[in-house]
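Please open the structure in the viewer and keep the selection tool at hand.

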Amino acid sequence: MATGDIVQFKGWPKLTWFVAESKNIAKPSKDWCPNIRKADHGIAYIEYKTSKEGSVMGITVTRLAMLTHCQAITQACNYIEGETLVNVLDFKKDVGLWHGIFASVMNMMHVICVPYSLMKVNPVSWIQKVYAYKARVACVKSRDMHWALVAHRDQRDIGFGSLRMLIVADGANPWSISSCDAFLNVFQSKGLQPEVICPCASSAEVLTLAIRRPCEDGAPLPAGRGVLSMNALSHCVIRVDSEDKLSALTVQDVGNVIPGAVVCVVRPEGVPHLCQSDEVGELCVSSPCTGSSYYGLSGITKSTFEVYPVDGSGCPISDFPFVRSGLLGFIGPGGLVFVVGKMDGLMVVATRRHNADDVVATALAVEPMKFVYRGRITVFSVSILHDERIVVVAEQRPDASEEDSFQWMSRVLQAIDSIHQVGVYCLALVPANTLPKTPLGGIHLSETRQRFIEGSLHPCNVLMCPHTCVTNLPKPRQKQPEVGPASVMVGNLVAGKRIAQASGRDLGQLDDTEQAKKNLFLSEVLQWRTQSTPEHMLFILLNSRGVVSCSVTCAQLHRRAERVASALQERGRISPGDHVALVYPPGIDLVAAFYGCLYAGCVPVTIRPPHPQNIPSTLPTVKMIVEVSRAVFLLTTQGTLKLLRSKEAGNAVDMKSWPPMLDTDDLPRRRPALLHVADSPDSLAYLDFSVSTTGMLAGVKMSHTATSALCRAMKLQCELYPSREIAICLDPYCGLGFVLWCLSSVYSGHQSILIPPADLETNVGLWLTAVSQHRVRDTFCSYSVMELCTKGLGSQTEALKGRGVDLGRVRTCVVVAEERPRIALTQSFAKLFKDLGLHPRAISTAFGCRINLAICLLPHRLGKLAEQGTAGPDPTTVYVDMRALRHDRVRLVERGSPHSLPLMESGKILPGIRIIIVNPENKGPLGDSHLGEIWVNSPHNASGYYTLYGDESLHSDHFNARLSFGDTQTIWARTGYLGFLRRTDLTDASGERHDALYVVGSLDETLELRGMRYHPIDIETSVLRAHKHIAECAVFTWTNLLVVVVELDGSELEALDLVPQVTTTVLEEHYLLVGVVVVVDLGVIPINSRGEKQRMHLRDGFLADQLDPIYVAYNM
């Protein structure tokens, strides 16, 4: 620092810093003499290198090796005292250090170092120094020769007459030949002689391996070039090819072995067997002037620095150890050494070996000057699906268009495929000057590779080709001839596996002493409660501040329902059986309007009102439900009525087609002339409309019998009595949310605390605070509510605890959903709010669907459950093999096993329900070890679908299904969900073993790929882990292609980082090739009120080009 203080770097060891500038060093005394050590085996210095994986390793060089090496290169290069050497290389390592520092000091030569900063400004500067100082030797790389060619522009102060050696440090690279030839062709007129160019081969382990010597005056230049077949080289075999072929590789020799060294060629992997004369292998050196070890790494030191090559009989060829050089090559005629690649650049794809430098040379040959910025391109491999995959990364010129980019990338792919017969996994283009650099301006390969693996490369264009280069996928599953249901049943019996069926406890007979149970109609139950307990509080509604905004007793609800019924009879002229749409925000008005419809003999249809800020997209759904349900009247609030009649609403839908509308805010206090009494318990009570996860609008008919049976089953299951209080944070428009909000309290008499989920957007702690303040023991919510609390209150638990929020009294927190339980979310929620007293065992899930609104609810209560404590294993969670699940098989595995998938029980089966697992194709019963469709027999099944078209075949298939074998008399309803049953070791109150139902996913949403059944949620879970900037994702299929839509939570510059990560993750974890990756903004993936993704809506938007994506990648 400027103050003289030493900066402390994080992670660095404690160091003593020494500033070596002359102004900070005092002159030594006249009698001072340096301590001259003997040339022994002590460490002189440490040469560092970066491995293929990016780790830095130090190679120790002894004083004896350093001195011997200087002597060897002095002899090879004929260095003499007083010669001038121009060094363009890094003088701190490798060839630049050995020639520019060590050998020059030994021979008292003059050295002119040209720094990289000057080379960037003036690439010809080193040539000018050669001419100005009459230099005899120059140390360069082929890159320096190339840029000097581009920039020389008829410079006058150029001449090579004095030069006797032009050492090319990377002379082994394939592109160095073209650079040397072009350089010689241009500057031969300036005195440059062909014999002056001296390529060399070196590595940090063996120091200098070989170097081409300057020829004696008049001696002919040895023929040191060969044209080899790259296809043969990929199999490590040397085959001469013709120069006119594109797949031929021209190589040049790097001279003879350095004096005092012995070189052999061994096989790169395994036992170091000597290669045949026509084989390519790793060059190994036995010499006193090599590195001695990897500093501090004794394990890999032995396998590199103490190698004893063996012949065909397995006998060592020498008593002296050899050192692996990391260079691939062979010994040619006349003892000339040829290097064709490096071990670090070796890419083994499908047992064939390809050199990264060869692929770079091929890519650079495709119009590099027009497109690639300064020729900056790199190639490396990444291990994906048990094989290496080639990745090409290049810097794009700033003036290149996107069309030019893809044209160039297409040509590069074709060139690499035709020349190397290998596919490229990913070709990424990044903006100019954004790739990490080495100290001398080259591309930092390991850092670039690491950024690609981590997803932080930030490309501006990317092209993935998994379909063409991934050839080792498992074979697709071949569907066998269907085994008949009878054979399956017999096979299960023979194997000792029971048929997968289970049932809840028996509902029993109605108790005549309990007046409420005598009534099969909810309207009569409310009237009975009004007479017996008029002042009993039924509903309490909280506002966004957690304050009670409205509450009603039994009598008050009855009177409000009477007003609605009177208004319908007088103003609406409603006839019994007519359908009435209820468009209300969540609240008690909705409950009163529902019972008012029952009093008037109408069939209520609850509909979510349009969102005030999003009328164009939400109002058409309201209008569609009104039309499909054939509603003849519409009840709502005054505020919603104004919204429906607004100008914006008129632009979204046809205003004239609305049925008559009435707001119920200020109805007169009138009683209806007569309260309607239903003709039959099987008559229609209400219609339940909702949008399924597949995007279909479906309405089901609920009879009075089914409604009362559902309420009775829930009362028995949840132990709901008039003294109980429950908190409900659910949308009250369909499914179990509507039943809990509007029906259950009236039937069971318990008090319901109503919390509109939308209010959590302004007060995220509303639900948990209300549960604590009202000392509630049972509460119901959705996954969207749980997720909102997890994200919004994650850092506020201490503040909530300080405000006195206590969840210790919560006995059950039930998540209501029509999907597989989200085990990760529930565990995160439990862990997050454990400090507030929430017991992890309190959280459970419920499951219902269109044909039966509540199949499972609440966990199985066990005597041992409370005693096990939080440290005990969760009895409701199993781990199944995901690979077996794709074949519709259920195989339990241990936690943490490869390909294990955790599944949580969907809750205890409700009383009166029978469940059986059935093959969805042949409708035969299945055993415990099979995944199949869940069929339900229950008194509270829906009566059927309600549609305008009356599709009787669909109704019969879903609501009146029969088994094709076994019990063919029982009528079942098909849920459309796949799952399985497992008999656990836990027992219920009656002593029977508990049957747990595990819901895996919707049958309509499963993806049939490669002959197997995939569940979207499994692929989406993997994708969410693929990159930290993926906020949400959804998958679906399009013409047999897998499409992945991801929401980007970050800058658009990072959008393309997601494409390789998503493609690779899905490939490795599910063996699936992603066809299209769509990167979109936050909030684009549609999610319904229950927190379930609307994948089919998303698919329709994708096909209609309505997603407005940030980027769409079509994988090849």
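Over the ring of which residue does the charged end of lysine 134 sit? Select lysine 134 and tyrosine 131: the charged end lies over the tyrosine ring, 5.0 Å from its centre. A charge sits over a ring here if NZ of Lys or CZ of Arg is within 6 Å of the ring centre and within 35 degrees of the ring normal. This is a predicted model, in which local features need pLDDT of at least 70 and side-chain atom pairs count only at pLDDT 80 or more, while totals for chains, interfaces and linings use all residues. Residues are numbered from 1 along each chain as its sequence is written, and side-chain values use heavy atoms, with hydrogens and water left out.

Next, select lysine 92 and phenylalanine 91. The charged end of lysine 92 sits over the phenylalanine ring, 5.0 Å from the ring centre.

Move to valine 88, which is placed in the loop between strand S3 (84-87) and helix H2 (94-107). Helices (H or I, at least four residues) and strands (E, at least two) are DSSP runs, numbered from the N terminus. Valine 88 has a relative accessible area of 5% and is therefore buried (buried means under 20% relative accessible area, exposed over 50%, partly exposed in between, with a 1.4 Å probe and protein chains only). Beyond its neighbours within four places in sequence, valine 88 has contacts (heavy atoms within 4.5 Å) that include Val114, Trp126 and Leu440.

Rings of Phe, Tyr and Trp (its six-membered ring) pair if their centres lie within 6.5 Å; planes under 30 degrees apart count as stacked, over 60 as edge-to-face and the rest as tilted.

The structure holds 21 aromatic pairs. For one of them, select phenylalanine 980 and tyrosine 998: the ring centres are 5.1 Å apart and the planes lie at 15°, so the pair is stacked. Phenylalanine 980 belongs to strand S42 (residues 973-987) and tyrosine 998 to strand S43 (residues 993-1002), so the pair ties together parts that are 18 residues apart in sequence. Both phenylalanine 980 and tyrosine 998 are buried.

Finally, select strand S13 (residues 281-286), in which six of six residues are buried. Strand S12 (residues 262-266) runs antiparallel to S13 and is joined to S13 by five bridges (two strands pair if DSSP finds at least two bridges between them). Valine 262 stands opposite serine 286. Strand S15 (residues 323-331) also pairs with S13 in the antiparallel sense, over four bridges, and glycine 329 is the bridge partner of glycine 281.
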